[in-house]
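This report describes one protein model for a reader who is new to structural description. Please keep the sequence and structure in view while reading.

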Amino acid sequence: MAIGSKLERKMGTLSYAFTVLWSVLLTSLIYIGVAFFMHMFGTDDAMYQHSVGFSGVLFHLSVLEAYQSKESSRSVFGLFRVPTKAYPWALLIALQVAIPNVSFLGHLAGILAGTLQLFGALDFLFPSIEFMRKMELLEWMAAILSAQGFVMTPDNVSEPRELRGAAVLAAGIFSGLFAFVLNLVETVNFCIRGRDNTTEEGDSQMSDGDEEEQVLLVGSDGIWLEHEDGTLSLSRT
């Protein structure tokens with residue numbers, strides 16, 4: 001299934017190029033973010049794994065393509081069919097079962113990036129359709145426009161915003177929960193470290209207090225120490 005060519009014909013070459021370029025960066029950032037989040041809870045496996053290749057971007061594009069497809073269902077390796085919109089998720093699981101060594105987190109990062117773009121959470125990163133149409137009218141773009149296979153931004157292209165209000169709200173809730181978890185982890189760490197520091201400070205103060213409670217008396221045969229309970233001890237130093 002030629003995901004790239006299908007999307008390019010629907011989106012136009014410029015819009016498709018911006019999507020691919022941002023996807024390369026966003027999938028990596030999401031991968032790092034999830035790995036760091038797992039690290040805070042004591043799971044370091046993802047921090048020491050390497051994820052290379054273009055598959056994360058392909059999963060990003062598959063999300064966009066699935067939501068634009070008119071098919072009601074799609075086959076997964078010819079084994080079973082799933083709703084088209086669920087195809088990227090089904091493919092994620094099927095690939096992990098068939099090829100356990102593939103980067104599950106890298107593919108998941110691509111799906112998350114595609115979902116964020118689909119529902120408008122990344123709109124601020126992309127130029128508007130109107131801006132890209134103006135770019136295609138610039139003189140220095142003539143050589144690029146004449147290249148074989150270049151697709152002008154279609155007149156009937158539309159940005160899928162009917163679900164974006166709810167999606168942006170969901171993204172806001174998710175980011176709020178994420179921030180809450182981060183703050184919770186930081187608070188727990190502070191309490192644990194603070195308790196250790198308090199214990200150390202308390203021990204230090206007790207030690208200092210013991211020294212203050214001792215009165216030094218200097219005699220001819222040494223130093224007499226008078227303790228709080230009234231007993232004396234001789235220190236020959």
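## Burial and surface

Of the 237 residues in the protein, 30% are buried; buried means under 20% relative accessible area, exposed means over 50%, and partly exposed lies in between (1.4 Å probe, protein chains only). The accessible surface of the protein is about 15,600 Å², and carbon and sulfur atoms contribute 63% of that surface. These areas come from the Shrake-Rupley method with a 1.4 Å probe, and for residues only the protein chains shown count as cover.

The model is predicted: local features need pLDDT of at least 70, side-chain atom pairs count only at pLDDT 80 or more, and totals for chains, interfaces and linings use all residues. Residues are numbered from 1 along each chain as its sequence is written, and side-chain values use heavy atoms, with hydrogens and water left out.

## Overall organisation

The protein contains eight helices and five strands. Helices (H or I, at least four residues) and strands (E, at least two) are DSSP runs, numbered from the N terminus. Along the sequence, their order is α-α-α-β-β-α-α-α-α-α-β-β-β.

Among contacts with a separation of 6 or more, 55% join residues 24 or more positions apart; a contact means heavy atoms within 4.5 Å.

Helix α3 covers residues 55-68 and includes L58. L58 is partly exposed, because its relative accessible area is 42%.

S62 also lies in helix α3. S62 is buried, because its relative accessible area is 4%. Leaving aside residues up to four places away in sequence, S62 touches I3 and P88.
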